[in-house]
Amino acid sequence: MQIEIERLDSTGEPFAHIYGVDELILDEEEARLVSEATVTGRASRKGSVVRLVGIIRANVEVNCDRCAAPISAPLEVKFDTSFVPAEVERKAVEKAELQKDDLEYSIYEGETLDFDELVREQILLALPTRSLCKEECKGLCQTCGKNLNEGECDCAEKKIDPRWSALIGLRKDQE
């Protein structure tokens with residue numbers, strides 16, 4: 001989605017966009033959109049600074065961290081981001097020391113602001129840091145990979161870590 005910077009003023013202009021399932025790729029976190037993502041908000045400009053305020057609604061599918069089962073996660077992300085032209089950022093870098101205020105801005109180049117990367121970034125930041133299909137999830141067997149939520153596996157009884165095999169003899173001697 002593109003926003004024309006010259007059309008903006010300090011009162012702001014509303015915007016809305018719907019991203020299709022294949023339009024935003026979230027592959028870094030192995031997350032994927034399972035329905036359309038809607039973005040609504042207001043864009044305003046004061047001098048060369050462009051400010052975007054809005055909300056993103058999406059339904060994302062992630063994998064359980066223990067058993068890798070897919071989990072649907074509805075997201076509602078509010079954002080408030082300011083952009084400055086690339087020339088302003090270059091001047092700040094030439095000062096050789098970033099100030100706290102410099103970290104509050106993103107960069108745009110040219111006459112339009114590409115909004116897609118911001119939406120993608122906001123969705124990834126809103127993903128839960130730990131995703132579980134259920135709190136009691138048992139995960140996968142470390143040896144055979146069976147989903148332990150579906151039942152126990154036999155490999156834990158058969159295999160003994162060779163580092164501990166000498167202790168088995170001690171246990172039998174004590175009995």
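T81 is found in strand β6, which spans residues 70–85. This is a predicted model, and T81 counts as buried in it because its relative accessibility is 11%. Strand β6 pairs with β5 in the antiparallel sense over 14 bridges.

**T81 and its surroundings**

- Leaving out residues up to four places away in sequence, T81 touches V50, R51, L52, S106, L118 and Q122.
- L118 and Q122, two of those contacts, are also among the buried residues of helix α2.

- Strand β5 covers residues 49–63, and its pairing with β6 is antiparallel, with 14 bridges.
- Within this pairing, I55 stands opposite K78 in β6.
- The two strands form a hairpin with 6 residues between them.
- A68 is found in the loop between β5 and β6.
- Phi of A68 is near 70 degrees, which is a positive value in a residue other than glycine.
- Is A68 buried, partly exposed or exposed? A68 counts as partly exposed, because its relative accessibility is 44%.

**Other partners of β5**

- Strands β4 and β5 run antiparallel and are joined by 9 bridges.
- K46 has V49 as its bridge partner in β5.
- β4 and β5 also make a hairpin, with 2 residues between the strands.
- In the turn of that hairpin, G47 has a positive phi of about 70 degrees.
- Strand β3 is joined to β5 by 2 bridges, and the two run antiparallel.
- The bridge partner of L33 in β5 is V60.

**Helix α2 and what covers it**

- Helix α2 runs over residues 116–126.
- Which residues of α2 are buried? They are L118, V119, R120, Q122, I123 and L124.
- The cover over these buried residues includes β2 (13–19), β3 (32–33), β4 (37–46), β5 and β6.
- Among those covering strands are β5 and β6, which pair with each other in the antiparallel sense.

- S131 is found in the loop between α2 and α3, the latter being residues 155–158.
- S131 is buried, because its relative accessible area is 9%, and buried means under 20%.
- Apart from neighbours within four places in sequence, S131 is in contact with V62, N63, C64, D65 and I71.
- How many residues apart in sequence are S131 and V62? They are 69 residues apart in sequence, and their C-alpha atoms are 7.4 Å apart in space.

**Cysteines**

- The structure holds 0 disulfides.
- C137 is in no disulfide, because the nearest cysteine sulfur, that of C67, is 3.7 Å away, and a disulfide needs the two sulfur atoms within 2.5 Å.
- C137 counts as buried, because its relative accessibility is 6%.
- C153 also counts as buried, because its relative accessibility is 13%.

Notes
Residues are numbered from 1 along each chain as its sequence is written. This is a predicted model: local features need pLDDT of at least 70, side-chain atom pairs count only at pLDDT 80 or more; totals for chains, interfaces and linings use all residues. Side-chain values use heavy atoms; hydrogens and water are left out. Buried means under 20% relative accessible area, exposed over 50%, partly exposed in between (1.4 Å probe, protein chains only). Helices (H or I, at least four residues) and strands (E, at least two) are DSSP runs, numbered from the N terminus. Contact means heavy atoms within 4.5 Å. Two strands pair if DSSP finds at least two bridges between them.
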